[in-house]
Amino acid sequence: MSIAHLEIRQKVITYAHKLQAERLVYSTAGNISVRVPGQPHLLACTPGSTQYDLLEPADIAIVTLDGEQVDGRKPATSEVQMHTMICKNRPEVGSVVHTHGKAVMTFANLGWTLPPILTGLCEATGGAVYTSPYSQPETDQMYTYTVPALRDRGATFLRYHGLLAIGADLDHAFHTAAVVEGACEVYLAARSFGRVPELPAPQVEWIASYWRAQFPGAPEPLPAPEPLPGPEFQPAP
């Protein structure tokens, strides 16, 4: 028996396995959605309460942007409303990835902001990552409460919950989620040595323009600013 949208369903499974392999999720936590190619009003989503390593293509739910499931032998993730509302209200977003890694959950619990401390972080998220107010799972709050934090950003921490990452496609959304997890680990380690330095604002704005360029119709990245003056060499005593 043929399976509709087989290729995109298999891609969702591949990235679900990547989430698990990189310890961005535990057990059945987290979820993925991606627009169905050629049918942007449809999303392919991971199902609820299913171990990632047991997923089969028929398990991947196909839902409309209004939340109606039109295919899939298992119900979509219980947080499907978050995915559909983001994609319905932001047509440039092609994928949503929600993770529960240890480092991002630490930031989410504490309500912290992740400053622009690394070039790769700025390229993956567009700058600092903010924490959105606590939103009750399985409600539209998971979209409405994240709108300010996701304005011109690729990710937000969901208070007491985890991370929400968006991208023009699944490759970008996953990349953002993975980079934020790693940057959170760096920040938590660096903080034990005192204040954590941040990139200068002109560098953040320039690098962040490469994040914006992923979206259809976005302007080209900004021209590079003048290089920062290098420190004078100080020989070892």
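User: How many bridges join strand E1 to strand E2, and how do the two strands run?

Analyst: Let's begin with the ground rules. This is a predicted model, in which local features need pLDDT of at least 70, side-chain atom pairs count only at pLDDT 80 or more, and totals for chains, interfaces and linings use all residues. Residues are numbered from 1 along each chain as its sequence is written, and side-chain values use heavy atoms, with hydrogens and water left out. Helices (H or I, at least four residues) and strands (E, at least two) are DSSP runs, numbered from the N terminus, and two strands pair if DSSP finds at least two bridges between them. Here E1 (residues 31-36) and E2 (residues 39-45) run antiparallel and are joined by 4 bridges. Arg35 stands opposite Leu43 in E2.

User: How many residues lie between E1 and E2 in their hairpin?

Analyst: There are 2 residues between them, and Gly38 in the turn has a positive phi of about 80°. On from there, 4 bridges also link E2 to E3 (residues 61-64), again running antiparallel. In that pairing, Leu43 has Val63 as its bridge partner, while Cys45 stands opposite Ala61.

User: What is the order of the strands in the whole sheet?

Analyst: The sheet is open, has 8 strands with mixed pairing, and reads E4-E3-E2-E1-E5-E8-E7-E6. E4 (69-71) and E6 (130-132) stand at the edges with a single partner strand each, so one side of each has no neighbour in the sheet. On average, neighbouring strands are turned by 30° against each other, direction ignored. Angles run from 0 to 180 degrees between N-to-C directions, and axes are lines fitted to C-alpha atoms, for helices over the stretch in contact.

User: Is E5 enclosed or open, and which of its residues are buried?

Analyst: Buried means under 20% relative accessible area, exposed over 50%, and partly exposed in between (1.4 Å probe, protein chains only). In E5, 5 of the 5 residues are buried, so the strand is largely enclosed by the rest of the structure. Ser95, Val97 and Thr99 cover one side and Val96 and His98 the other, all of them buried. E5 is joined to E1 by 4 bridges and to E8 by 5 bridges, running antiparallel in the E1 pairing and in the E8 pairing. Ser95 stands opposite Gly167 in E8.

User: What is the bridge partner of Ser33 in E5?

Analyst: The partner is Val96. Ser33 belongs to E1 and is buried, with a relative accessible area of 0%. Contact means heavy atoms within 4.5 Å. Leaving aside neighbours within four places in sequence, Ser33 is in contact with Leu43, Ala44, Cys45, His83, Gly94, Ser95 and Val96.

User: Where does helix H2 lie, and how many of its residues are buried?

Analyst: H2 (residues 80-89) lies across E1, E2, E3, E5, E7 and E8, at about 35° to E1. In H2, 7 of the 10 residues are buried, so the helix is largely enclosed by the rest of the structure. Among the buried ones are His83, Met85 and Ile86.

User: How are H1 and H6 packed?

Analyst: Two packed helices are described by the angle between their axes and the distance between the axes. For H1 and H6, the angle is about 10° and the axes are 12 Å apart. The two are therefore roughly parallel, a label for angles under 35 degrees, with over 145 roughly antiparallel, 65 to 115 roughly perpendicular and the rest oblique. Lys11, Val12, Tyr15, Lys18 and Leu19 in H1 meet Leu170, Asp171 and Phe174 in H6.

User: Which residues touch the most other members of the largest nonpolar core?

Analyst: In soluble globular proteins, nonpolar side chains tend to be buried together. A nonpolar core is a set of buried Ala, Val, Leu, Ile, Met, Phe, Trp, Tyr and Cys residues joined through side-chain atoms within 4.5 Å. The largest one here has 40 residues, and Ile32, Ala44, Leu114, Phe157, Val180 and Cys184 touch the most other members. H6 gives the most to this core, with 9 residues. A second, separate core of 19 residues includes Cys45, Ala61, Val80 and Met142.
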